[in-house]
Amino acid sequence: MPLRTHGATRVSEIGNVAFCVRVGVSVADRFRELERPQTGRLKDVVLMATVTGFEGLRHPRRTDLKQFSELFEPLFSASSDEARRQAAAALSQCQHVPQSVALQIGNAPISIAAIFLTRSASITDATLLQIIRAQGPAHATAIARRDNLSVHIVDALVERRQTAVAPAKTAGPVAAVAEQRPPEATALEMTTAKLLREEKLRSDIKALARTTRQAPPADPIIEPINTLHEALLVRFARSGEANLFAASLAAALSSSPELGERILLDISGQQLAIALTALDMQPADSLFVLSALYPDLTERLGGATRGDALLASLTPETSRARVQSWLHTEQQETAGTPEHQSYLAPDRGADPRQTAARPEAARSAKDIQQKRAFGRGH
């Protein structure tokens, strides 16, 4: 649409809206404002028209960013505070603001730059660092209210705060009383303290997690045998069903069936006597079970049998400690120790037939070692 000009001096001013015309944004109302003889609002209208045209670009090219930066900088400097505030608020929601424009808005008075520093997602950390170092505590407080702050920005805010507080501490009590701290400094101090508390809390949680992971496992708990398990042990011992007896014994000890089988492999009956004593089984039932499974224990020595002598030589405390060591060893073997893994690992260059046969030999050696461990006396 044709534009009327009001003197030669307005031609260059209106030429700044060429950016909006080129991107095809409808700004008819803005152009009508330019036709009115209101020189005080001219640059404000051109500034808003330029911002509106730039917001309409979803994917601006490099030339678009450069042209917008060249148009924006002089218009922003010459516009009124209200127009600059509106432009900053509009650009705070834009995702592709040039950093030169972001730096110019960020260095503006805090009444204009506050909303942009707090909400803009397009401003980079490098630009924020320049603003923190160049401006006062009010700008730093606005930056501290951002949702996502990087480690570099937090360090810069803390350094900025420490630098501002250090002269006050060394100036003496008179200067400290005379100095009035602005609200922005108090807000910055609270934000910094909050960040430090959060960082300390994260460190404490990580230390607690490491301590929990490194805590040694608790010793296995041996519960006294209940009536059902005791009756099953007596019944299977009477019928001579060794497999079912071993499974019931393992259930009473809360262990694997292999441990119950290894206990029964001790032909002297000592390991079974230790397990029954640790489970607080009735002495009469323990003697019956031992006599049924190991007939040699029925041999009489003086006025008592060998089974009576074996049970009399055991105490509940030592028996529980011995069974707990068995259970602890079984837990370590179930979890898999490094020496077992390296023992079973195939060697480089080994014969494939030997490698294939090695797991069977390793399991046999493991069973022999466990039998020796559980076959020892006190």
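Modeller: A residue counts as buried when its relative accessible area is under 20%, as exposed when the value is over 50%, and as partly exposed in between. Please keep in mind that this is a predicted model. Glu-82, at 44% relative accessibility, therefore counts as partly exposed.

Colleague: Which residue does Glu-82 meet in a salt bridge?

Modeller: Side chains of opposite charge can pair when their charged atoms come close. Here the partner of Glu-82 is Arg-85, with 2.8 Å from N to O. Both residues belong to helix α6, where they stand three residues apart, about one turn of the helix. Arg-85 is partly exposed as well, with a relative accessible area of 29%.

Colleague: How many salt bridges does the structure hold?

Modeller: There are six. Another of them joins Asp-81 to Arg-84, whose closest N and O atoms are 2.6 Å apart. These two residues are also in helix α6, and because they are three residues apart, about one helical turn separates them. Asp-81 is partly exposed at 43% relative accessibility, whereas Arg-84 is buried at 15%.

Colleague: Over the face of which residue does Arg-84 lie?

Modeller: Arg-84 lies over the face of Phe-76, at 5.4 Å from the ring centre. Phe-76 in turn belongs to a cluster, linked by ring pairs, that also includes Phe-54, Phe-68 and Phe-72.

Colleague: How should I read the aromatic pairs themselves?

Modeller: The angle between the ring planes decides the label: under 30 degrees counts as stacked, over 60 as edge-to-face, and the rest as tilted. The structure holds three aromatic pairs. Phe-54 and Phe-68 are stacked, at 4.0 Å centre to centre and with 10° between the planes. That pair links distant parts of the chain, since Phe-54 is in helix α4 and Phe-68 in helix α5, 14 residues apart. Phe-54 is buried, with a relative accessible area of 0%, and for Phe-68 the value is likewise 0%. Phe-68 and Phe-72 form a tilted pair, with 5.5 Å between centres and 35° between planes. Those two are four residues apart in helix α5, so about one helical turn lies between them.

Colleague: Which residues touch the most other members of the largest nonpolar core?

Modeller: That core has 39 residues, and those touching the most other members are Leu-47, Phe-72, Leu-91, Ile-105, Phe-116 and Leu-117. Helix α4 gives the most to this core, with six residues. Once neighbours within four places in sequence are set aside, the contacts of Ile-105 are Phe-72, Phe-76, Ala-88, Leu-91, Ala-113 and Phe-116. Another core, of 32 residues, lies apart from it and includes Ala-246, Leu-249, Val-289 and Val-323.

Colleague: Finally, where is a positive phi found in a residue other than glycine?

Modeller: Ser-254 is one such case, with phi near 55°. This residue sits in the loop between α15 and α16 and is exposed, at 66% relative accessibility. Asp-280, which is not a glycine either, has a positive phi of about 60°.

Colleague: With which residue does Asp-280 form a salt bridge?

Modeller: The partner is Arg-320, the closest N and O atoms being 3.0 Å apart. Asp-280 lies in the loop between α17 and α18 and Arg-320 in helix α20, so the pair ties together parts that are 40 residues apart in sequence. Asp-280 is partly exposed at 36%, and Arg-320 is partly exposed at 27%.

Technical notes:
Residues are numbered from 1 along each chain as its sequence is written. This is a predicted model: local features need pLDDT of at least 70, side-chain atom pairs count only at pLDDT 80 or more; totals for chains, interfaces and linings use all residues. Side-chain values use heavy atoms; hydrogens and water are left out. A nonpolar core is a set of buried Ala, Val, Leu, Ile, Met, Phe, Trp, Tyr and Cys residues joined through side-chain atoms within 4.5 Å. Buried means under 20% relative accessible area, exposed over 50%, partly exposed in between (1.4 Å probe, protein chains only). Contact means heavy atoms within 4.5 Å. Rings of Phe, Tyr and Trp (its six-membered ring) pair if their centres lie within 6.5 Å; planes under 30 degrees apart count as stacked, over 60 as edge-to-face and the rest as tilted. A charge sits over a ring if NZ of Lys or CZ of Arg is within 6 Å of the ring centre and within 35 degrees of the ring normal. A salt bridge is a side-chain nitrogen of Lys or Arg within 4 Å of a carboxyl oxygen of Asp or Glu.
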